[in-house]
Amino acid sequence: MTAVIEARGLKKSYGATHAVDSVSFAIQPGRIVGLIGPNGAGKTTLFKAILGLTQFEGELSVLGRDPRSERNELMQDVCFIADVAVLPRWLRVSQAIDFVAGVHPRFDRSRATDFLRKTDIKMSSRVRELSKGMVTQLHLALILAIDARLLVLDEPTLGLDLLFRRQFYDTLLNDYFDKERTIVLTTHQVEEIENLLTDVIFINRGHVVLDTAVDTMAERYIQLTVSAENAARARQLGPFYEREVFGRVAMFFEGRTAAELTPLGELRTPSVADLFVAKMQGGA
Amino acid sequence: MNTPDVTTAAAAPPASMTVQQSPQKVMIVLFKRELWEHRNLWIVPVLVAVLMTLTAFVIHVGNFGPNSHAPRFFTPENRLAWFTIMTWAFSVPQYLIMSLVATFYLMDCLYTERKDRSILFWKSLPVSDAMTVISKLLMGLVVLPLGVYLLAMVFGVLFQVIWAVRVGAGSLPYVAVGWNTLAWLKTQGLMFYALIVCILWLAPIAASLVLVSAWVRKNVFLWTSLPPVIAIILERVAFGTTYIAHLLEYRTWGMWSALGVNPTPPDGGSQGRVVSLADLFDNVEMGKAFLNIDVWLGLAVAIAFVFAAVRIRRYRDDT
């Protein structure tokens with residue numbers, strides 16, 4: 001299968017800072033990829049590059065197109081929601097639907113209105129009259145009604161309460177996602193989405209520090225919880241990160257087998273969130 | 001960079017080229033969008049047209065009794081001329097106010113989407129930057145003036161109807177009326193022609209406002225008005241010359257000389273005769289305006305400004 005997004009040696013500097021430095025990765029169709037990194041890691045820059053919103057060096061292909069020169073064509077197959085891409089306050093709900101229907105050849109009006117009927121949003125309301133959660137629902141309704149191949153979400157649930165966030169991801173998964181579509185998203189609430197991701201890419205200081213499918217993560221990473229007396233022995237096996245929890249030590253190993261570690265303590269596959277912290281503070 | 005092979009081509013949805021909205025349809029949607037956001041674009045012209053029409057109820061014309069000199073002055077010819085001038089005068093305030101509305105609109109059009117941070121929402125849809133910028137320029141430079149032209153025409157007729165009713169009811173002297181369809185058509189034709197020339201002539205000014213609107217971070221008004229003023233003052237102080245001032249004046253008001261309208265009627269005009277706009281229409285030398293190199297130079301500059309505004313909107317990276 002041809003990758004939906006393929007980056008090779010992607011670079012972007014703002015003055016002396018390298019926001020993204022020689023990044024390479026490939027995202028396959030039908031995946032839900034979490035792009036995870038601390039603030040200022042380069043996630044937004046990467047998104048902007050993918051969406052053709054910024055210039056960069058290196059190679060980048062999105063749905064077989066170069067976002068720098070083929071942005072207009074690309075936008076027919078790519079949708080995005082970014083926390084900085086806000087709906088204008090003067091826009092009415094009905095106008096928003098009319099507008100997208102008028103300019104987007106792949107927009108299905110009835111899908112959008114069906115979705116909105118399940119919410120408290122009125123067609124005649126202006127965006128300024130809606131709560132933040134409702135605005136996100138509206139945005140989601142518009143985006144989900146577009147038959148796009150790639151959906152890019154940059155902190156889509158920022159500032160929403162837990163109920164809205166849960167609903168947002170449920171809708172995304174149930175009403176939208178299928179094996180021909182690809183979703184790439186960032187969020188700070190990693191715990192909430194880790195069950196939904198098929199792949200994770202960790203990025204830190206402009207570098208990719210981890211790029212793996214979630215189901216093969218267990219083969220590569222093991223979290224070992226050891227008592228204090230076994231800690232020294234475990235340490236000889238070279239954990240890339242450790243932290244103390246209630247007098248016991250949690251160690252993170254890469255490329256060790258369960259057989260090597262079982263005698264030392266309890267084993268588990270680290271959660272994405274734990275692995276993220278371990279990678280950022282230890283192995284990066 | 002990847003050439004899709006047969007298997008992926010089959011699995012993937014059809015290439016996007018197959019579904020395309022026609023540019024004309026998209027342009028109409030973009031115009032609507034501007035009218036939704038900038039409601040002054042239609043509220044103000046409609047309001048002004050209604051107010052102008054209402055004046056038909058209140059205008060008072062002195063009573064020309066049989067002893068006054070009115071009958072001599074209001075020859076059938078002069079009455080016809082007054083009719084055309086009234087038609088023209090009815091629309092002038094509408095155009096003046098429209099030009100203010102258009103100026104503020106054009107200064108704002110590409111600035112507000114950055115100010116309210118909605119630009120990335122607009123850019124998430126398959127509308128090119130060129131389409132967006134051109135739609136905004138056309139809105140302020142062409143659609144709005146043509147809309148005001150139609151408003152002035154329709155409400156102008158309404159004005160004449162009210163006027164005629166008042167004359168019929170005896171509240172205005174008979175001399176104050178004189179509908180003439182041919183003269184009306186010619187007056188409308190003359191105004192339409194002048195409008196087109198104005199649009200072409202002012203295109204670089206309008207495009208420069210769009211460019212400033214695409215470019216500035218804040219204070220659009222200052223960035224629009226201060227640079228020319230400073231340039232004029234600097235030129236004056238440094239070289240003691242006034243080229244910039246003259247150039248700007250020419251670009252703002254010079255179209256009247258470019259129109260090719262000869263204000264003197266063919267018979268040379270006679271004492272006490274009022275010039276009819278219908279006669280002016282007969283004497284327009286259209287070639288003079290459309291062969292005027294300054295019209296096309298201005299248009300070329302306007303295109304360059306639009307190009308620059310498109311580039312700025314396309315590649316700007318500070319949101």
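Modeller: Chain B has 15 helices and zero strands. Helices here are DSSP runs of H or I with at least four residues, strands are runs of E with at least two, and both are numbered from the N terminus. This is a predicted model: local features need pLDDT of at least 70, side-chain atom pairs count only at pLDDT 80 or more, and totals for chains, interfaces and linings use all residues. Residues are numbered from 1 along each chain as its sequence is written, while chains are lettered from A and ligands numbered from 1 in the order in which they are written.

Start with the chain totals. Of the 319 residues of chain B, 32% count as buried. A residue is buried if 20 or more other C-beta atoms lie within 10 Å of its own, exposed if 12 or fewer, and partly exposed in between, with C-beta atoms placed from the backbone. Two residues are in contact if their C-beta atoms, placed from the backbone, lie within 7 Å.

Now to the helix pairs. Two packed helices are described by the angle between their axes and the distance between the axes. Take helix 9 (residues 181-215) and helix 15 (residues 293-315) of chain B. They pack at an angle of about 15°, with their axes 8 Å apart. Axes are lines fitted to C-alpha atoms, for helices over the stretch in contact, and angles run from 0 to 180 degrees between N-to-C directions. Helix 9 and helix 15 of chain B are therefore roughly parallel to each other. Angles under 35 degrees count as roughly parallel, over 145 as roughly antiparallel, 65 to 115 as roughly perpendicular and the rest as oblique. The crossing of helix 9 and helix 15 of chain B is left-handed. That word applies if the near helix is turned anticlockwise from the far one by less than a right angle, and right-handed applies if clockwise.

Which residues make the contact? Helix 9 of chain B contributes residues including B:Leu200, B:Trp201, B:Val210 and B:Trp215. From helix 15 of chain B come, among them, B:Leu299, B:Phe305, B:Val306 and B:Arg313. By class, the contact of helix 9 with helix 15 of chain B has 18 nonpolar, two polar and one charged residues. Ala, Val, Leu, Ile, Met, Phe, Trp, Tyr, Cys and Pro count as nonpolar, Asp, Glu, Lys and Arg as charged, and the others, Gly among them, as polar.

Helix 15 of chain B also packs with helix 8 (residues 129-168) of chain B. Their axes come within 9 Å and cross at roughly 130°. That makes helix 8 of chain B oblique to helix 15 of chain B. This crossing is right-handed. Helix 8 of chain B brings residues including B:Asp129, B:Val133 and B:Leu137, and helix 15 of chain B brings, among them, B:Val306, B:Arg313 and B:Arg314. The classes here are seven nonpolar, one polar and three charged. B:Val306 and B:Arg313 take part in the contact with helix 9 of chain B and in the contact with helix 8 of chain B.

Look next at B:Thr224, in helix 10 (residues 220-239) of chain B. With 19 C-beta neighbours inside 10 Å, B:Thr224 counts as partly exposed. Leaving aside neighbours within four places in sequence, B:Thr224 is in contact with B:Met107, B:Leu209 and B:Val212. The C-alpha atoms of B:Thr224 and B:Val210 are separated by 9.9 Å, and the two are 14 residues apart along the chain.

Chain B also meets chain A. 29 residues of chain B are in contact with 33 residues of chain A. Helix 2 (23-37) and helix 7 (119-123) of chain B each supply at least two residues of the touching side of chain B. The largest share, six residues, comes from helix 2 of chain B. By class, that side of chain B has 13 nonpolar, nine polar and seven charged residues.

Finally, chain A itself. Its secondary structure comes to 11 helices and 13 strands. Buried residues make up 44% of the 284 residues in chain A.
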